[in-house]
Amino acid sequence: MSEAMQSVKFKIYRFNPEVDAKPYMQEYELNIPANQDMMLLEAILRIKAMDDSLAFRRSCREGVCGSDGMNINGRNGLACVTLLSSLKQPIELRPLPGLPVIRDLIVDMTAFFKQYEKIKPYLINNEPLPTKERLQSPAERKKLDGLYECILCACCSTSCPSFWWNPDKFVGPAGLLQAYRFIADSRDTATAERLEALTDPFSVFRCRGVMNCVEVCPKGLNPTRAIGHIRSELLAEGN
Amino acid sequence: MTLATYTFDAIIIGAGGAGMRAALALAESGSQVALVSKVFPTRSHTVSAQGGITCALGNVHPDDWRWHMYDTVKGSDYIGDQDCIEYMCEVGPQVVYELEHMGLPFSRLDNGRIYQRPFGGQSKDFGGEQAARTCAAADRTGHALLHTLYQRNIAEKTNVFSEWYALDLVKATDGQGFAGILAIHIETGETVLMRARAIIFATGGAGRIYQSTTNALINTGDGIGMAIRAGLPIQDIEMWQFHPTGIAGAGVLVTEGCRGEGGYLINKDGERFMERYAPHAKDLASRDVVARAMSLELRAGNGYDINGVKCVKLKLDHLGADLINSRLPGIRELSITFAGVDPIREPIPVVPTCHYMMGGIPTNRLGQVVTVDYKGNDQVLEGLYAVGECACVSVHGANRLGGNSLLDLVVFGRAAGLDVKEKLHELPLKDVGDAEIEAALSRLNRWDNAREGESVSQIRFEMQKTMQEDFGVFRTGEHMQEGLDKLLQLQQRLHHAAFQDHSRVFNTSRIEALELDNLMATALATAHAAIYRTESRGAHSREDFPKRDDANWLTHTVYHGESHRMSKRAVNMKPLHMKPFEPKERVY
Amino acid sequence: MNKPRPVYLDLSKIRMPVMAVVSILHRISGVVLFLAIPYILYIWNQSLATASTYDEIHNALQSCWTRGLVYLILLALLYHWVAGIRHLLMDMGVGEEKISGRRGARIVLVVVVLLAMGLGVWLW
Amino acid sequence: MVRSATSLTGNGVRDWLWQRVSAVILALYTVFILGFIWSTPQLDYVVWFQFFHHIGVKLFSILAAFSLLVHAWVGMWTILTDYVKPACVRLTLEMLVMIALFVYFVAAIVIVWSV
């Protein structure tokens with residue numbers, strides 16, 4: 001039984017701090033049945049079976065955990081929901097831009113999560129707890145759609161030039177999307193404090209409306225719009 | 001041997017729903033908790049749960065937690081422990097309200113209350129009409145729950161050890177219980193000793209022992225492996241749930257909520273075949289029932305053939321775009337991505353897919369790990385807990401109902417956290433000696449020193465294939481014995497396996513090798529237990545023993561890893577507040 | 001192992017969507033205009049000082065080089081103007097979606113090319 | 001909250017508003033001037049001079065010069081804080097830009113006044 005095969009070519013960013021003085025691109029070739037398509041993650045897993053020194057993060061393999069964000073042919077995305085056939089060869093894989101590389105495709109996301117934590121990503125409500133659920137109308141709940149679904153994969157923030165230049169000062173699209181998720185929640189009573197904390201010239205206002213975040217978000221979310229909403233609320237508050 | 005040592009009040013291994021709920025209970029009390037997770041918390045597999053969390057809020061119709069309890073006992077095929085099921089169903093509403101107060105963005109009914117949808121195996125009034133009891137945040141409930149819990153843990157400033165891999169338990173020098181764990185900081189490759197008064201296992205499932213699974217790649221049964229190596233028993237591990245609707249070929253889960261919202265399964269003739277197998281509940285029969293019916297349809301040649309994959313289809317197109325977009329947006333996304341099918345227009349090709357491990361480390365209602373002595377008596381291990389999928393409380397028995405896993409996570413994660421909090425001052429910080437550390441390190445040393453040998457991925461592949469072929473939806477003694485023999489050979493090969501890359505920094509191959517030890521341990525436990533239980537019950541369907549046998553098997557099975565010995569443990573039939581539900585024939 | 005970690009940020013390898021291109025050109029044109037302020041002030045002053053300085057400027061504009069320079073400055077001004085209008089529209093919530101954002105950015109480019117051609121015709 | 005001493009107002013909302021308002025003024029001024037040039041068939045010194053001699057145009061011009069001062073400062077400050085990380089270099093450049101913009105503004109007023 002000889003099945004027709006096709007070869008798929010890859011160029012993958014490699015860097016192991018124990019061995020390499022600096023990063024380099026390594027070429028790989030993967031043979032798969034000619035009529036078969038697969039997700040990019042599956043292909044990388046097969047490459048890893050050939051070369052176990054290749055390191056990358058992965059978990060759910062279905063686009064909901066946010067582990068395998070990487071720069072695929074120049075564009076940030078999740079390997080597990082990117083079809084191999086949609087990519088031009090050689091497929092060039094690099095780590096998410098702008099964050100320190102720990103090894104190969106694995107970046108240090110400390111700066112990213114720090115910005116997320118900075119916006120107090122949890123519901124604040126100082127009113128006495130009801131015995132049952134707090135009520136929220138379907139219309140109020142709908143305001144959270146397009147916000148709460150974020151998977152923290154960092155594809156957006158690491159494609160954002162403003163975040164590249166100011167990862168310590170600009171909250172970045174992912175953090176701001178979550179900032180608005182809590183501002184928009186009818187159950188949150190800290191809206192004024194949340195807005196007050198965002199009035200400086202960097203946290204929100206470093207957004208230049210480049211919209212790279214919207215372009216790459218694997219969940220189809222829109223941080224630019226959320227940032228616009230935050231700005232409107234800031235203006236309305238007269239801060 | 002000197003290792004860097006950290007000391008805490010409590011260590012929680014695993015930062016999914018159960019681990020994070022436990023951490024929260026402890027962090028709120030000001031205890032020093034270490035939440036150790038091999039992935040960043042929101043990458044845990046809880047994130048993939050879709051349909052919802054079941055409890056009797058009564059938002060859609062009058063409801064009673066006792067009805068929920070009845071359904072769960074029946075769903076478990078009567079080997080769920082009734083005291084634990086009672087506890088879970090009773091505190092369920094409170095725990096779900098807590099989640100809502102934390103900010104979980106539940107979908108809402110017009111009156112502003114939490115939205116609830118029908119799920120399989122749910123009834124009103126002890127087996128009456130179909131109930132709607134599963135609280136949902138669209139079809140992303142697990143994601144919403146996991147992120148909410150992580151967010152609360154940020155607020156409470158929990159110590160998260162993100163991307164730290166728990167290697168093994170370390171025994172106390174006095175031989176009484178465990179003093180701590182060894183953990184690898186994946187980023188540096190360094191191994192450290194973490195000591196604590198209490199240790200909570202929340203390591204999740206092990207669906208990756210099968211070739212086709214809805215489980216994340218990280219679900220490698222680390223807790224099961226650690227428990228077995230520490231000499232702890234494993235309960236009901238033959239019970240593996242096959243979810244009826246995994247996307248054919250991809251294995252990605254499609255929530256039961258689809259059928260709750262009115263979707264149904266069809267065979268290649270377009271027939272709604274579940275009407276034949278479960279005339280009353282139809283597509284909302286219990287998962288084991290639906291998965292078996294699907295397998296029988298496929299065997300009878302009534303399936304579709306999509307590029308060589310036999311499957312049936314899940315029809316949603318009659319529900320309308322509005323309902324799909326508002327209630328099932330994530331399913332639409334997954335279906336388009338992984339099946340190339342938009343469910344608004346076309347049915348989704350699905351097959352039964354390994355989904356959930358009902359078995360695990362036996363615990364009591366508080367989450368405390370229980371061992372079983374030779375006489376079959378329980379012994380509680382003070383200071384050691386297990387919660388979530390890695391535990392066998394047992395609330396799911398032989399078959400878990402949809403929506404009960406998220407409930408299990410938060411109910412028992414919370415219970416364990418609260419129990420640790422209460423007992424913390426009486427739990428000693430145990431001593432640990434070099435010998436105990438060396439013992440726990442031996443496995444790592446073996447791997448680190450192995451330069452030549454078979455690859456990890458090859459052995460893993462063969463193990464998964466064996467499990468898939470010999471321990472699937474239908475099982476026979478003969479095939480399972482062949483499967484067990486293959487597994488035993490594979491285990492021998494695993495002792496001589498090696499990875500090539502021996503660097504330290506973020507060496508994922510090293511972690512994968514350690515994970516394979518745990519997968520193999522879980523697979524072997526499954527094989528022994530499945531051969532041992534000579535009846536059909538819940539998810540365990542034997543063609544050579546097609547009937548349920550209450551006379552002999554209304555019992556838990558217990559696997560003892562050191563000798564592969566099997567024994568039995570009595571099912572708890574004594575709920576605290578009400579009369580037990582007696583076993584009846586299980587029809588839907 | 002405290003050697004600094006590399007950061008991958010090779011702008012020649014990172015694909016820039018059309019929105020990003022429009023945005024960076026907006027910034028570049030802004031800098032060009034900033035640098036051109038003294039020259040603009042100079043022309044403005046000369047053109048208003050006396051009739052003879054006005055003529056000097058007028059004559060200078062006949063030279064290919066000066067005219068090219070003025071064309072470049074006006075081009076930057078046009079670009080900054082058109083892209084700026086897009087920004088103001090986005091501030092009002094127009095063109096903030098993926099599709100409309102791309103469309104808005106393409107429209108900016110097309111309009112500027114047309115204006116640049118018109119400007120060229122007018123100047124020469 | 002990120003503190004910044006050198007931004008226009010030290011407050012993101014106000015900086016943002018100033019930048020937008022000045023942008024609108026500059027946009028209108030640009031249209032006004034270019035429109036005049038383009039719509040005047042026989043442009044000579046006298047027409048040009050008399051145009052700027054008009055008090056309304058003078059005021060508009062000064063307003064535009066002021067807007068330019070604000071707009072360019074916010075823009076250049078943003079660019080410098082983006083790309084120039086060593087604080088002493090950035091502060092020096094910021095100061096140079098500030099001085100230049102101020103000189104330009106004074107020059108513009110002088111030009112307008114002398115018409």
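In chain A, strand 3 (residues 69–72) is joined to strand 5 by 2 bridges, and the two run antiparallel. Strands here, like helices, are DSSP runs numbered from the N terminus (strands: E, at least two residues; helices: H or I, at least four), and two strands pair if DSSP finds at least two bridges between them. This is a predicted model, in which local features need pLDDT of at least 70, side-chain atom pairs count only at pLDDT 80 or more, and totals for chains, interfaces and linings use all residues. Residues are numbered from 1 along each chain as its sequence is written, chains are lettered from A and ligands numbered from 1 in the order in which they are written, and side-chain values use heavy atoms, with hydrogens and water left out.

Within this pairing, A:Ile72 has A:Leu93 of strand 5 as its bridge partner. Strand 5 of chain A is also joined to strand 1 (residues 5–14), this time by 3 bridges and with the strands running parallel. Here A:Ile12 stands opposite A:Leu93. In a regular strand the side chains alternate between the two faces of the sheet. As for strand 5 of chain A, both of its faces are covered: A:Ile91 and A:Leu93 are buried on one side, and A:Glu92 and A:Arg94 on the other. Buried means under 20% relative accessible area, exposed means over 50%, and partly exposed is in between (1.4 Å probe, protein chains only).

Now for the backbone. Most residues other than glycine have a negative phi, and most peptide bonds are trans. The bond from A:Gln89 to A:Pro90, however, is cis, with omega near -5°. A:Pro90 sits in the loop between strand 4 (75–78) and strand 5 (91–94) of chain A. Chain B has a cis bond too, from B:Val393 to B:Ser394, with omega near 0°; B:Ser394 belongs to the loop between strand 19 (391–392) and helix 11 (404–423).

Positive phi turns up in chain B as well. B:Tyr78, not a glycine, has a phi of about 75° and lies in the loop between helix 2 (65–75) and helix 3 (82–102). B:Tyr78 is buried, at 2% relative accessible area. B:Lys282, not a glycine either, has a positive phi of about 50°; its loop runs between helix 7 (274–277) and helix 8 (287–299). With 27% relative accessibility, B:Lys282 is partly exposed.

Turning to the chains themselves, 5 pairs are in contact, and A and B share the most contacts, a contact being heavy atoms within 4.5 Å. Chains B and D do not touch, their nearest C-alpha atoms being 18 Å apart.
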